Amino acid sequence: MKKIKLMVIAMTVMMIAAMAPNATAQTVQNVQQLEKDIETHEKNIKEKEAAIKDLEEKIDSLKSQLKSLESQKKELEKDVKNEAKMRKEKFTTRDELVYDQEIVDVLYNPYNKSDVEEALESFEGMETKDVIKKKELVSKYGEYTKDLKEFMEKMKKQLTENRWKYVSSSTDLYKKFEKGLKGTKYWKIYNKKEKNESIDYLDRVMDKIMMFKNDGLKNEAQFNEILNMLYAN
């Protein structure tokens, strides 16, 4: 029995001795692989750090370029603003010149359909707001004239029935005339002509109507003269 135990111990020692060299070799191999991996990582780190530095230099260069481009952009925006300002000034001068040469006379003279149509064509291509807003006056010139003429013709019948006698401001006929006049389409334009654009010719007609009214609605010749001014061509 004792002899058997000694044999087992001897075999165990032999097995351990046989395994020891293999274990040592494996350990060496693992260490070498790890060192190789570490070298690879260090190489990768250096390469990527170099790439990062290169990118940082490019970013700095791009920042400098961007700053220059931003400066160029601001200069161009300034130039565009100045050009737009000068263009607007030229357009304003141009539009006002066209208005003075081709349109203003239409509003100074009695309404004429063909003249108004030509004047409206002159507004084409205009950009100046202060000039364009006068277009409505031109386009409604005929409408204002017709409406005012119809009012005067309506009142002529009643004034004729009154035999063109003096009418005081307290009478119904006077109040009716005054209310009707203020109800005409052009009255609002005429009433604000000191501050807003108006039609010069109709302003002169309205001035005469106001004089006729203030004189007591009694002068037939004066009335007919006004009415004749409203017969359009």
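I counted a salt bridge where a side-chain nitrogen of Lys or Arg is within 4 Å of a carboxyl oxygen of Asp or Glu.

The model is predicted, and I kept to its limits: local features need pLDDT of at least 70, side-chain atom pairs count only at pLDDT 80 or more, and totals for chains, interfaces and linings use all residues. I number residues from 1 along each chain as its sequence is written, and side-chain values use heavy atoms, with hydrogens and water left out.

**Overall layout**

I find 10 helices and zero strands in the protein. Helices (H or I, at least four residues) and strands (E, at least two) are DSSP runs, numbered from the N terminus. Of the 233 residues, 25% are buried. For burial I use relative accessible area with a 1.4 Å probe and protein chains only: buried is under 20%, exposed is over 50%, and partly exposed is in between. I noted that, among contacts with a separation of 6 or more, 65% are between residues 24 or more positions apart; a contact means heavy atoms within 4.5 Å. The protein exposes about 17400 Å², and carbon and sulfur atoms supply 54% of that area, by the Shrake-Rupley method with a 1.4 Å probe.

**Salt bridges**

I checked Asp54 and Lys58, whose side chains meet in a salt bridge at 3.6 Å, N to O. The two are four residues apart in helix H1 (residues 2–102), so about one helical turn separates them. Asp54 is partly exposed at 34%, and Lys58 is partly exposed at 46%.

I then took Glu127 and Arg87, a salt bridge with its closest N and O atoms 2.8 Å apart. Glu127 lies in the loop between helix H3 (113–122) and helix H4 (129–132) and Arg87 in helix H1, so this pair ties together parts 40 residues apart in sequence. Glu127 has a relative accessible area of 41% and is partly exposed; Arg87, at 44%, also counts as partly exposed.

In helix H9 (residues 200–214) I looked at Arg204 and Asp200, which lie four residues apart, about one turn of the helix. Their salt bridge has its closest N and O atoms 2.2 Å apart. Arg204 is partly exposed at 29%, and Asp200 is partly exposed at 33%.

**Charges over rings**

I found Arg204 again, lying over the face of Tyr108 at 4.4 Å from the ring centre. The charged end of Lys134 sits over the ring of Tyr99, 4.1 Å from its centre. My criterion is NZ of Lys or CZ of Arg within 6 Å of the ring centre and within 35 degrees of the ring normal.

I traced helix H6 (residues 141–161): its 21 residues reach 31 Å from first C-alpha to last, close to the 30 Å expected at 1.5 Å a residue. That expected span is 1.5 Å times one less than the number of residues. Buried residues in H6 include Tyr141, Leu148, Phe151 and Met155. Just after H6, Arg163 takes a positive phi of about 60°.

I count seven aromatic pairs in the structure. The rings of Phe151 and Phe177 have their centres 5.2 Å apart and their planes at 55°, so this pair is tilted. Phe151 lies in helix H6 and Phe177 in helix H7 (residues 172–182), so the pair ties together parts 26 residues apart in sequence. Both Phe151 and Phe177 are buried. Rings of Phe, Tyr and Trp (its six-membered ring) pair if their centres lie within 6.5 Å; planes under 30 degrees apart count as stacked, over 60 as edge-to-face and the rest as tilted. Ring pairs also link Phe151, Trp164, Phe177, Phe212 and Phe223 into a cluster.
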